[in-house]
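This briefing is for a reader new to the structure. The points below are grouped by topic.

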Amino acid sequence: MSYFVLVYYGLLIAASCVTAHYKMRSPFMMLFSLTIASAFFGLLGGEDWLWGITVCAALLAAAAGLAYSFREFLGMVLNPDASYAIRSAPLTASFGLLVVLVYVVAALFAPVIAPFGEAEVIGGAYAPPDDKMILGGDQLGRDLFSRLIYGARNTVGIAFLTTLIAFVSGTLLGLVAATVGGWVDQIMSRIVDTIMAIPQLVFALLLLTIFGANMTTLILVIGFLYTPLVFRLARAVAGNIVVMDYIEAAKLRGESTWYLITREILPNAAAPLVAEFGLRFCFVFLAIAALSFLGLGIQPPTADWGSMVRENATLISFGVITPLIPAAAIALLTVSINFVVDWMLHRASGLKE
Amino acid sequence: MQNSKHGVLLNIRDLRIEGRSGEDWTEIVHGVDLTLRRGEVMGLIGESGAGKSTIGLAAMGYARDGCRISGGKIEFDGMDLTTTPQDDLRALRGSRIAYVAQSAAASFNPSHRLIDQHTEGPMLHGISSREESEKDAIELYRRLRLPNPDEIGFRYPHQVSGGQLQRAMTAMVMSCRPDLIIFDEPTTALDVTTQIEVLASIRDIVDQFDTAALYITHDLAVVAQMADRIKVLLKGDEVEEAETREMLESPKQDYTKSLWAVRSFERPQKPPAPADAVPVVSVKNISAAYGETPVLFDVSFDIHAGRTVAVVGESGSGKSTAARCITGLLPPSSGEVMFDGEVLPADFRNRNREQLRQAQMIYQMADTALNPKKRIGEIISRPVQFYLGLKGAALKQRVDQLLDQIELEPSQYYHRYPSELSGGQKQRIGIARALAAEPKFIICDEVTSALDQLVAEGILKLLDRLQEELNLAYMFITHDLATVRSIADEVVVMRQGKVVEAGPKDVMFKPPHHPYTDLLLSSVPEMDPDWLTNLLEERGADNIGEAADV
């Protein structure tokens, strides 16, 4: 039995005792169940598994520490109102914010950060990681790390644009339908129902085949397909707002529909719409990745996480993690955005802990 | 029951309750004592924020979300509720302590029949079987004088009227024969005529079963009918407590005296407008319908400059519909609305900006009448900008002037959001927004009914002063006759979409009345503790329900 194993169990048991003594219920439960689980895993997989657990725990702790410092940092630099909101945010939210920030920086400064060009062939096909290519090469010998950075720009940028289009058009139409009402509302709602009746992925494949798979049509087609969902939400939210007396007062003042929508209704509908924006962004993101995987999304040689997974998929059978890295990038961003959105929804709905 | 019949049932000592604001806890009830004997009814009165409801809930050992009981003792029949475990408290609530909420409509589950909800309590507490408690429910419905007691329980909450629902609620809390009932403003949301039925039945049933009760309300005249003793609260402190009669006749504290004096505000009635004057607003024979259902029948009245016309009636009488016809939200099916001698287009969309500017409206619920995402400055400046085209410094100056007019300090309120204001202040902002258009005519739709009496009086005085200064014509929609008495020049009584009676106030308040006007007038609670008893005798206890159908 090595020192590592002794120290490992010693620390866990000591920590469990300390938390139990100070009646910290949830940390104790966590530590003690980890101890028992470790005994089980130790028997099953030996020292290697314990190392695995240690690394995971260390990573989680590092993420939590990072999120904590980032939250404190934001709390110090922001103005008092925003600072209070940030300080009361859960760690998951600040972790999500941090990750999103990192992705945005990567996307904006991709040429500066990436060591090689997007389509530059550096080494052999499927080259293993070395000093030059820290994550190795892809099926054509391009640097995976550089393509990952450029992929952030393409995938995230396109997803953002697409979501923005869907939201601007969906919100506007939804608010108009709710405010004007009557047959305008009826016609718009029925059109939306019709669009939603067709399965989304099939519809997207159809439209992309008709109009050709380039970046502009991709953005417009997905934006168009997601508009109905936003429309329905905006219309439902606005439906509760248009019956308020302040809307009646504005109508009686003789205000135009445009003023009603932008000045009176939109500010009150903003919170759920922003939260929905985050969620919808993830879906669009996954839809683009799916389309790219199917070969109708972003076209080579443009780097994109979805196609990167597909192109390197053969490596999975050799037990190499390379194709999982772009997949992990997608997963991390999706989870992070959901952390942030959860927090915003929580704030907007006024729920308590 | 170890205590004698008139032993102490509830004994609250030095009760302190804290509420959370942000991350801090602030004390909102500062050490209140309260002693309630068996079979005794105590009235808790005070403005909103006085802590009445909080104390009422604490008497059940309960603190609302964001509140906690931080000190003191709550002894119920010898048990200290602050230390009783949650499970025991749960067993106690509903069976020995019961609670009647302000809005029965919101307290009943809309998807279960009344009797199913009634029998749930006794069955849950193992007091009686379903058959027994159903029989008991029907008996209670009968005692509470609900129509068709045998069948009414098998209806859903939306199928009975508000007053009946409130009585069904009272029957429900009675189902376990509790020792203590907490009534939290049970009649505040009801019309005066309906209120009487509910008050009378609550009083009877509490008498019959010798139940102790805490009666929470802000209406002094109501509490005078119901309570044996009255406790006055102000901002979480007790002001004074005394027997009802003694309290009404000789209040000791200044605050209590000021509460008592509220109802005395009455401005002198103005002389009627000269016969040849053109009325600002003239409603001529309008009828209106919502879809196929007619709601207004041939309604006519005139409103002159500088005068207030009060439109009175129960809910559903068509008074708000008349206002909607004037504003053009609901184009009448026949008849017309004249403004300064000219016919107004029926639909507000066809009116020009000038016509819209001249008639403004103040709403009942200031909460929903002000956009919560806009600052006070923006809310008031929009009409000034929109109608009068003022910009920049001139606009700011005008808004400051308006804020001054409604007695709010401009520098302090200009940048606030509506949620940072009290109910009365919000209502003032609603007034300022109406004034900002510089109108000739303002519709006040139940503007004071959501406010405490002291605050409401402030609003009435403000409206009166503005009328003097600006020669405004008011249409004052209300169901509260005390408000009519204090501010109206002319009164229009409406019922089921028709004008029943109309005329100058002094004539209207003197007999002989139309029977419906008489019913309305006599239903307004008075400060005399014997008022309800006398009234019931006069009307005959059996037909108070039918009295509404003269």
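Ala473(B) counts as buried because 24 C-beta neighbours lie inside 10 Å; a residue is buried if 20 or more other C-beta atoms lie within 10 Å of its own, with C-beta atoms placed from the backbone. The model is predicted: local features need pLDDT of at least 70, side-chain atom pairs count only at pLDDT 80 or more, and totals for chains, interfaces and linings use all residues. Residues are numbered from 1 along each chain as its sequence is written, while chains are lettered from A and ligands numbered from 1 in the order in which they are written.

**Surroundings of Ala473(B)**
- Ala473(B) sits in strand E18 of chain B, residues 473-478; helices (H or I, at least four residues) and strands (E, at least two) are DSSP runs, numbered from the N terminus.
- Leaving aside neighbours within four places in sequence, the contacts of Ala473(B) include Val280(B), Ile303(B), Arg307(B) and Phe441(B), where contact means that C-beta atoms, placed from the backbone, lie within 7 Å.
- From Ala473(B) to Ser133(B) the C-alpha atoms are 56 Å apart, and the two residues are 340 apart in sequence.

**Where chain A touches chain B**
- On chain A, 11 residues are in contact with 16 residues of chain B.
- Helix H11 (245-253) and helix H12 (257-294) of chain A each supply at least two residues of the chain A side.
- H11(A) gives the largest share of that side, 5 residues.

**Domains of chain A**
- Chain A is divided into domain 1 (3-63) and domain 2 (147-322 + 339-349), with bounds from an automatic or database domain assignment.
- The centres of these two domains, taken over C-alpha atoms, are 43 Å apart.

Conventions: Buried ≥ 20, exposed ≤ 12 C-beta atoms within 10 Å, placed from the backbone. Contact = placed C-beta atoms within 7 Å.
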